[in-house]
Amino acid sequence: MHSDHSATTPSAPADIQSIRQRATAMLSRFYGYSTFRPLQLDIITTAMTGRDSVVLMPTGGGKSICYQIPALLSDGVVIVVSPLIALMKDQVAALTSNGIPAAAVNSMQTEEENRDILEQLYSGRVRILYISPERLLLEIDRWSSDLNIALFAIDEAHCISQWGHDFRPGYTRLRCIKEQYPHVPVMALTATADRLTRDDIAAQLALTDPRLFIGSFDRPNISLRVMTNPGKTQRVNFICSMIDRYRNDSGIVYCISRKGAEEMDRQLRGRGYRSVVYHAGLSVSERNLAQDRFINGDVQVVCATVAFGMGIDKSNIRWVVHNNMPRNIESYYQEIGRAGRDGAKAEAVMFYSYADIATLRSFVDESGQQALNAEKLARMKEYAEASLCRRRILLSYFNETIDHDCGNCDVCLNPPERIDGTVLVLKALSAIVRINGGAGITMLIDILRGVSRQELVQRGFDRIKTYGAGRDLSFGEWNAYISQMIQLGLIDIAYNEHNHLKLTPYGRKILDERSEVLLAKYYPMESRRRAGRKSVAEEKPQLSPAEQLLEQLKTVREKIARKEHVPPYIVFTDKALLEMVRVEPLDMEQFSRVEGVGERKTVKYWRPFVTAIRKFKGVTEKLGTGLSVEETLLLLNAGYDVAAIAEAKGIKPITVYTHLVELINADKLTDFSSVITREQYLRVMEVVKTHPDDYYDILRDEMPAGLPRMAIAITDFLLRKKGNA
Ligand code: ADP
Ligand code: ZN
C-alpha cells in the first residue's frame with residue numbers, strides 16, 4: 001500500500017497552527033512573499049490535514065502556491081495533473097529558479113527523460129511532478145507502495161465536466177486516483193466553474209466531503225475601459241500607443257475573426273512593431289511557433305482570436321485590447337485575466353461598435369443554445385454601454401458584490417456629468433421619423449450636421465426640416481449622444497435592416513410628450529489624448545526617475561534571462577522589479593527582504609541588481625563583499641556549504657566559521673547537518689576532553705580551522721537546550 005503520510009486523523013488546533021507557521025516560513029524562503037493571499041493558507045492546511053478540496057480562483061489568483069507549498073511541508077511528492085503540457089516547462093522552470101526541485105513527465109520530452117524522472121520520484125529528489133492525465137493513468141498502476149505521495153492536485157479541473165466548456169475525455173477516468181489512494185488528499189483547481197460544473201468535479205473525482213473554496217474574482221490591478229465606436233485608424237493608433245507605453249512588455253489584441261487578426265497584425269508590423277498572429281486556422285507548428293515567440297518576449301504583441309490564451313502563463317502581459325466585443329462576459333473576463341498576473345498594474349481596453357453586435361447576433365443565431373447565448377450577449381452589451389462602475393457590473397455577473405465603486409475603470413475615473421439633453425434628443429428623434437427610419441448612425445449624424453454628401457442629397461435627406469439642425473456639435477459628440485439614446489432605449493438598431501435606426505415606443509412617447517431627458521456630458525477625451533500622444537511620439541518620452549530605474553533593472557533581468565535561457569519573468573516578475581524600485585535595496589540583506597525575492601534568487605541575483613541600483617543612486621562607496629553574519633545564514637539556508645559561502649562572498653572559510661559560531665550562540669542556527677558531520681563532531685569532543693589545552697593544534701591537520709570552535713559552540717547550544725527542556 002502507499003504511504004499514509006498526510007495524517008487522516010483530525011488535526012488538533014496546535015497542529016494547524018504549526019502548519020500555518022511553517023507554510024508562512026516557506027512562502028517567504030522560497031517565494032520571497034511575506035503574506036498569503038486570502039484562502040491560500042486555508043487551502044494549504046486543508047490539504048496538509050488530509051482533506052479533499054475544490055478550489056475556484058480566477059486566473060492569476062494564486063492557485064499554484066496552494067499545491068506547491070504542501071510539497072515543501074511534507075516528505076511526500078505532490079503530483080500535479082494538468083492538461084496544459086505546453087505550460088509545464090515554464091512551471092518547472094519557475095519552481096527550479098526558486099530552488100524547488102520539480103519535473104514534468106509528458107509527450108514533449110523523450111521517453112528516456114520521462115523514465116529518468118519517474119525513477120527519481122522514489123529518491124524524494126523531485127518534490128513536485130507535473131503530469132498529463134493520460135500519462136498519469138498509465139503510470140499510476142505501476143507505482144509501488146514505496147512512493148510517498150503527499151497530494152494530488154488536479155489543475156484545470158473543469159475539464160472533467162461535460163458541462164464545462166473544455167471537456168477532456170482523459171479527465172473522466174481520474175476517479176481512479178481516489179480509488180487507489182483513498183487516503184491521499186486531492187485538490188481540484190479551476191478558474192471557471194459554475195455550480196453545475198463544480199458539483200460535477202467533486203462527483204467525477206469521487207472526492208470525500210471536499211471543502212469548497214471560492215476566491216474573489218476581483219482583479220483590482222487591471223484597469224477597465226471601453227472605447228465606443230473608434231475608427232479604423234484610431235484603433236491602430238491606440239494599440240500602437242499601448243505598445244509604446246509598455247515597450248519591454250507585451251500585450252494581446254483579441255479579434256473576432258481570423259481575417260481581423262491577420263489584418264491587425266499586418267497593420268502593426270507595417271508600422272514597425274514586432275507582432276505575430278495566432279488563430280485556429282494556422283497549423284499546429286505555426287501556432288506553437290507564434291506562442292513561443294510571444295512567451296519568450298520575441299514579439300511585443302499577438303493579434304489573436306479566442307483560440308489564443310489557454311495555458312498562457314506569462315506574467316508580464318501588461319495589456320489586453322479587444323478589437324471586438326467578445327460574445328459573453330465569461331470569455332471577456334478570462335481574456336483580460338491574462339494581463340497582470342503578477343499583480344502589477346495592467347490595462348484592459350475594449351473597442352465597442354454596433355457592427356460587432358450584428359456579427360455576434362449572427363453567432364448566437366447559429367449556436368445551439370440560442371436563448372441562453374442571446375441573454376449572455378445582452379449582458380456583455382450592457383457592460384460595454386455602462387455608465388456605472390464597470391467592475392461592479394463584472395463582479396455582479398459572477399454573483400460577487402462590492403459595495404463601492406472601483407476607482408480603476410473609465411466610468412469611475414470620468415464619472416459622467418449629466419446635462420439636459422432634451423433638445424438633442426428631439427432633434428435626433430424627429431430626424432429619424434422624417435426619414436422614415438431609413439438611415440444608420442453615420443448618415444443620421446451627417447443629416448443633423450448638414451453635411452452635403454452625394455448619397456444624402458440623392459435620397460433627399462437634405463430637404464427635411466432637421467437637416468443641419470445640429471451643426472453646432474461635432475461628429476464625435478453626436479455619436480456619443482446617439483449611443484446614449486440607444487442605451488436609454490429611445491432608439492433601436494434594426495440589425496436585420498442594414499443597422500438602420502428606428503424609434504422605440506418609448507422614444508415615440510418622449511418625442512410626443514417632449515419630456516426631459518438627461519444625458520451624460522460628452523468630453524472629447526480622445527482628441528485630448530491624441531494631442532498629448534503626438535508630442536510623446538515626437539520627442540523621446542520623459543521617464544520619471546522610478547521609470548528610469550525600472551528600465552535599467554529590466555535590462556539587468558534581460559541579460560540574466562538570456563544567459564540562463566529562460567523567459568525574463570522566470571528571473572523576476574515585473575511586480576518584483578517594481579518592488580526593487582520602491583525599496584532600492586543597497587546590499588544583499590536589503591535585497592533579500594524585497595517582496596517576491598526568495599532565498600535562492602537572493603543568492604543568485606543580488607549582485608547585478610544591487611549594483612545597478614547603487615549606480616543609479618550614485619552610491620560610490622564600494623559594495624562590501626557581504627561580511628554580515630546574516631548573509632552567511634541566508635546562504636546556508638539556501639543550501640550553500642561553508643566552502644561555497646566563502647567563495648560566493650570572497651572571504652576565508654575560517655571567517656565563515658566565525659559567523660557560524662555567532663549564529664549558533666544566538667540560536668539562529670539550530671540544524672548543523674550541513675556544516676559538520678557526526679564523525680567530525682564526535683572527534684572534536686573526544687580530543688577536547690582528552691587535550692583541553694592543545695586540542696586546536698592536534699586537530700589542525702584533520703579538519704578546517706574554525707570547525708572545532710564551532711563544534712564547541714554546538715555543545716553549548718545542546719546544553720542550553722537541555723537546560724530549557
Ligand atoms: P493561478 O495559478 O491561480 O493562475 P498563480 O499561482 O500563477 O495563479 O499566481 C499568479 C501570480 O501571483 C504569480 O506571479 C505568483 O507568484 C503570485 N502570487 C501568488 N501568491 C502570492 C502571494 N501570497 N503573495 C504575492 N504574490 C503571490
Ligand atoms: Zn469602477
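**Cysteines and the ligand site**

Okay, let's start with a cysteine: C176 has a relative accessibility of 13%, so we call it buried. Keep in mind that what's on the screen is a predicted model.

Now, what about disulfides? The structure has 0 of them. C176 isn't in one, and its nearest cysteine sulfur belongs to C159, 16 Å away. Then there's C255, also counted as buried because its relative accessibility is 5%. Which cysteine sulfur is closest to that of C255? It's the one in C303, at 5.9 Å, and that is too far for a bond, since a disulfide here needs the two sulfur atoms within 2.5 Å.

Okay, on to ligand 1. There are 14 residues around it, and the ones that come nearest are Y33, G60, K63, S64 and R341. Let me go through some polar contacts. R341 puts a polar side-chain atom 2.4 Å from an oxygen atom of the ligand. For Y33, an N or O atom in the side chain sits 2.7 Å from a ligand oxygen. With G61 the backbone does the work: a polar backbone atom there is 3.3 Å from an oxygen atom of ligand 1. And how much of the ligand does the protein bury? On its own, ligand 1 exposes 570 Å², and 85% of that is buried by the protein.

Who else lines the site? Helix α3, residues 63–73, is the top contributor to the shell around ligand 1, giving 3 residues. If you sort that shell by class, you get 7 polar residues, 4 nonpolar and 3 charged.

That's my bit, thanks everyone.

Terms used: Residues are numbered from 1 along each chain as its sequence is written. Chains are lettered from A and ligands numbered from 1 in the order in which they are written. This is a predicted model: local features need pLDDT of at least 70, side-chain atom pairs count only at pLDDT 80 or more; totals for chains, interfaces and linings use all residues. Side-chain values use heavy atoms; hydrogens and water are left out. A residue is near a molecule or strand if one of its heavy atoms lies within 4 Å of it. A polar contact is a pair of N or O atoms within 3.5 Å; within protein, one must be able to donate a hydrogen and the other to accept it, and residues adjacent in sequence count only if both atoms are side-chain atoms. Accessible areas come from the Shrake-Rupley method with a 1.4 Å probe; for residues, only the protein chains shown count as cover. Helices (H or I, at least four residues) and strands (E, at least two) are DSSP runs, numbered from the N terminus. Ala, Val, Leu, Ile, Met, Phe, Trp, Tyr, Cys and Pro count as nonpolar, Asp, Glu, Lys and Arg as charged, and the others, Gly among them, as polar. Buried means under 20% relative accessible area, exposed over 50%, partly exposed in between (1.4 Å probe, protein chains only).
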